[in-house]
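Please work through the exercises below with the sequence and the structure in view.

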Amino acid sequence: MRQVLLVRFGEVHLKGQNRPYFLHKLTDNVKKAVAPLNARVWLSDGRIYVSDFEDIQQAIDRVTRVFGLYSVSPAWELDKDYELIAHKCEEMTRGLKGTFKVMARRSDKHFPMNSQQLNAELGGVILDANPDLRVDVHKPDYYVSVEIRDHAYVYIDEIMAVGGMPMGTGGKAMLLLSGGIDSPVAGFQLMRRGVNINAVHFFSFPYTSERAKEKVLDLAKILGSYGGGMKVYIVPFTEIQMQIHEKCPDAMGTLLMRRYMMRIADEIARRDGAQALITGESLGQVASQTMEALACTDAVVNMPVFRPLIGLDKLEITQIATKIGTYETSILPYEDCCTVFTPRHPMTKPKIEALVEAEQALDTEALVRDAVENTEGILV
Ligand code: ATP
Ligand code: MG
């Protein structure tokens, strides 16, 4: 007898012909997630099993963060012996109050009792042993699940996992990662769809501090902990910001800065083998996130730009940030380069021609090239 985790898949079920590929990836990702625990992982009967861990809570915490998984149940694996199963049901329901229902499933037809008989017998055993429990077949507080497969499995709890698609099945993208609340959430949303991401951060030393950079690396570390780790490209951005500030109309400052960010990110992404950019923009949130402004920033990039937060309110974004564990770090009070030279009256309906004209004052090619060449890649 031992404890195992029964792990259920999410949407991978739908993948038709590609199903074996997705399952293989997913099993691999679970193996990587529990590797530090030396746990065993195997795929059998349309489910992943994890065993041989020392600390079950650690194993659960790690497995529920694997993208592509639906839920996890800590279960007891027993020999297929009715007395053992009954005893375990009794033990597991000890101390529970309220209502329950036994859900037996017999896949091994050699087992002498069928599902109905198991439900009835085990229900009786639990009722006899625990006067605080009643049966409710419609809306019970607890489902006592009993599965007869290669072994017998008994479990009650089902813990929801993060969902989404297996990491590595959705391509590769480059996240523009600031120290704010939004961009880490944007990255998470695509990671959750199986996309492998690296990040680029624009750093305006000495206007933004080393602490601000550390904060961004910490955020990347949290995101990377959902699988795959992450590389963060730190781009020196001070020179470009200074030149925009000195040579271009004040009201265009933010938009011009964003166009340079996109150009540089596009080039770093291309060199990194990424197929798309990701930003944390949400429509109308600030002046540079109107539809006109987004068109002006899109105009300088060659690859698709994903903005998974485009239709979300700040409150919804904050809720996700809290859930995924980035919020506490995001609200640490360090300056981002966006706030360094903020125009007093930013444009909300920019004309692209006016921006292109303002950029004539700058040597765009040289500025972008210098920034890219001096970028430092840090693995977190
Ligand atoms: P966030 O909370 O992600 O900082 P925001 O609401 O502050 O977003 P902006 O400052 O306008 O919005 O930035 C919009 C997007 O541009 C960010 O979500 C992020 O993807 C990118 N971005 C902004 N500043 C930086 C930076 N210093 N480095 C990398 N990307 C950045
Ligand atoms: Mg910001």
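The exercises that follow treat aromatic rings, a ligand, an arginine and some backbone angles.

This is a predicted model, in which local features need pLDDT of at least 70 and side-chain atom pairs count only at pLDDT 80 or more, while totals for chains, interfaces and linings use all residues. Residues are numbered from 1 along each chain as its sequence is written, chains are lettered from A and ligands numbered from 1 in the order in which they are written, and side-chain values use heavy atoms, with hydrogens and water left out.

**Exercise 1. Aromatic rings**

Task: Determine how tryptophan 42 and tyrosine 49 are arranged as an aromatic pair.

Solution. Step 1: Recall the rule. Rings of Phe, Tyr and Trp (its six-membered ring) pair if their centres lie within 6.5 Å; planes under 30 degrees apart count as stacked, over 60 as edge-to-face and the rest as tilted. By this rule there are 8 aromatic pairs.

Step 1: Consider the surroundings. Ring pairs join Trp42, Tyr49 and Tyr153 in a cluster. Tryptophan 42 and tyrosine 49 are both buried, where buried means under 20% relative accessible area, exposed over 50% and partly exposed in between (1.4 Å probe, protein chains only).

Step 2: Look for a charge over a ring (NZ of Lys or CZ of Arg within 6 Å of the ring centre and within 35 degrees of the ring normal). The charged end of arginine 40 sits over the ring of tryptophan 42, 4.5 Å from the centre. Arginine 65 lies over the face of tyrosine 226, at 4.1 Å from the ring centre.

**Exercise 2. The ligand**

Task: Describe which residues surround ligand 1 and which polar atoms lie by its oxygen atoms.

Solution. Step 1: List the shell, counting a residue as near if one of its heavy atoms lies within 4 Å. There are 22 residues around ligand 1, and the closest are Leu176, Ser178, Asp182, Ser183 and Gln285.

Step 1: Find the polar contacts (pairs of N or O atoms within 3.5 Å; within protein, one must be able to donate a hydrogen and the other to accept it, and residues adjacent in sequence count only if both atoms are side-chain atoms). An oxygen atom of ligand 1 lies 2.4 Å from a polar side-chain atom of serine 178. Backbone atoms also take part: a polar one of isoleucine 181 is 3.1 Å from a ligand 1 oxygen, and an N or O atom of serine 183 is 2.6 Å from one.

**Exercise 3. Arginine 8**

Task: State whether arginine 8 is buried or exposed, and name its side-chain partners.

Solution. Step 1: The relative accessible area of arginine 8 is 16%, and therefore this residue is buried.

Step 1: The side chain of arginine 8 makes a polar contact of 2.8 Å with that of serine 71 and another of 3.1 Å with that of serine 73.

**Exercise 4. Backbone angles**

Task: Identify the form of the peptide bond from phenylalanine 205 to proline 206, and characterise phi of aspartate 45 and aspartate 52.

Solution. Step 1: The bond between phenylalanine 205 and proline 206 is cis, with omega near 5 degrees.

Step 1: Phi of aspartate 45 is near 55 degrees, a positive value in a residue other than glycine. Aspartate 45 is exposed, because its relative accessible area is 56%.

Step 2: Aspartate 52 also has a positive phi, near 60 degrees. With a relative accessible area of 42%, aspartate 52 is partly exposed.
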